[in-house]
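Please look over the sequence and the three-dimensional picture before reading on, and keep both in view as you follow the text.

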Amino acid sequence: MPNISKIQAGESPVFTAAPQPLQRMRSFSPYKQGKAEIAGLAQAIKLSSNENPFGPSEAALEAFRQAARNLHRYPDGSQSDLRLAIARVHNLDPDRIVCGNGSEELIGLLMRCYLGKDDELLLSRNYFPMCAIYGKAQAAKIVLAPEKDFTIDVDSVLARITPKTRVLSIANPNNPTGTYLKAAELRRFIEGVPKNILVILDGAYAEYADRDDFDDGMAFAHSSSNVVVTRTFSKIYGLAGLRVGWAYGPAPIMEVVNRLRTPFNVNGPALAAAAAAIADQSHVKKCREHNARWLIRIREALGVCGLYVVPSVTNFYLLDFGSLPGKTASKASAVLESKGIIARPGESDRFLRVTVGLDAENQAVIDVLTGYLVS
């Protein structure tokens, strides 16, 4: 038995053996979140994680404060109040809604239920990183479909379906591009996927997509046998810190997910705050309108300097430095950070993603980048 006094004194025990993880767990790195701090700066402008700069509505905050009085109680494992609140706003069947610790937990649960060893997980090139992590954890093969003009290419995705394809997941609108599939293309996509393949439509940014030709896919989740839509309270509802998401799909699929999810996977204050948040659609409208105004202003202001801003319907925009000799995403990011602004560099030195912030924050980004581009 170890000498506890020695361990407490700082002496490390020596082990002759240790449990070894599955080999596939060594093949991928954990998800890396957006940078949050700048060394030596007390308060940076954080535009790296697509958070709502307004935060949650007052109604959500008050519900959270009230729920905090009952922290000694288990939350409602049936999630009934939140499911009913979601159903009222979206005109859905509450019995087919499952809530989770962020929409990413629900995506993971779906893959654990429907994806196995040597199955294929089909993703578009710009995919949510957790999808690949979940797929690899299931020992599945990850198949990527190239995109066209920063947008999911329906033909490219459908062409890569094989008899081994079991799950197909896309984000609409997509991240980090901010683009979306138009309604007709989404329908063509859904209708082209065999019914034995689970289709996950990640709608984390759907509330921001205020376009006549945008389809959030909820009707397909309601009427089809193989489509599940996931949504989150982390973005437009400003509850990223509470981790609440939800999914809607065919009753048999949601019943299977409920078998696997833990009984109290969403905490009590989060359930209460989310139910109040979704009921306060005036706050959603304010955030969406602010976001839309600034997307236009930012694109126009930076476009004058020759910088291409990928057209976005989300609360972020992707900057493409590819056509500007001598200008790179890493240099632009460094210049922004020198002024206390944190953006999110892409996989290559060509791209930089920036969240839409408050008025002064957005103007600061424009001013700093304009100075960098014309220097």
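The paragraphs below go from the sheet to its strands and helices, and then to salt bridges and cysteines.

What you see is a predicted model, in which local features need pLDDT of at least 70 and side-chain atom pairs count only at pLDDT 80 or more, while totals for chains, interfaces and linings use all residues. Residues are numbered from 1 along each chain as its sequence is written, and side-chain values use heavy atoms, with hydrogens and water left out.

Helices and strands are taken here as DSSP runs, numbered from the N terminus, with at least four residues (H or I) for a helix and at least two (E) for a strand. Strands of a sheet pair through backbone hydrogen bonds, either parallel or antiparallel, and two strands are said to pair if DSSP finds at least two bridges between them.

Strand S3 (residues 120-124) runs parallel to S4 and is joined to it by 5 bridges, and Ser-124 has Ala-145 in S4 as its bridge partner.

Is strand S7 mostly covered or uncovered? To answer this, a residue is called buried under 20% relative accessible area, exposed over 50%, and partly exposed in between, using a 1.4 Å probe and protein chains only. S7 is mostly covered, since 6 of its 6 residues are buried. In a regular strand the side chains alternate between the two faces of the sheet. On one side of S7 are Val-227, Val-229 and Arg-231, on the other are Val-228, Thr-230 and Thr-232, and all of these are buried. S6 and S7 run parallel and are joined by 4 bridges, with Leu-201 standing opposite Val-229 in S7. S7 and S8, by contrast, run antiparallel, also with 4 bridges, and here Thr-230 has Ala-247 in S8 as its bridge partner. Together, S6, helix H8 (residues 218-223) and S7 make a right-handed β-α-β unit; a crossover is right-handed if, with the strands pointing away from the viewer, the path from the first strand over the helix to the second runs clockwise.

Another strand to find is S13 (residues 351-355), which is largely enclosed by the rest of the structure because 5 of its 5 residues are buried. Phe-351, Arg-353 and Thr-355 point one way from S13, whereas Leu-352 and Val-354 point the other way. S13 pairs in the antiparallel sense with S10 (residues 316-320) over 5 bridges, and also with S12 (residues 344-345) over 2 bridges. S12 and S13 form a hairpin with 5 residues between them.

A salt bridge is a side-chain nitrogen of Lys or Arg within 4 Å of a carboxyl oxygen of Asp or Glu, and a search of the whole structure finds 16 of them. In one of these, the closest N and O atoms of Arg-188 and Asp-155 are 2.7 Å apart. This pair links distant parts of the chain, as Arg-188 in helix H7 and Asp-155 in helix H6 (residues 154-159) are 33 residues apart. Arg-231 and Glu-207 meet in another salt bridge, at 3.1 Å from N to O, and both residues are buried.

Finally, which cysteine sulfur is closest to that of Cys-99? It belongs to Cys-113, but at 16 Å it is too far for a bond. A disulfide is a pair of cysteine sulfur atoms within 2.5 Å, and by this rule the count is 0 disulfides. Cys-99 itself counts as buried, at 0% relative accessibility.
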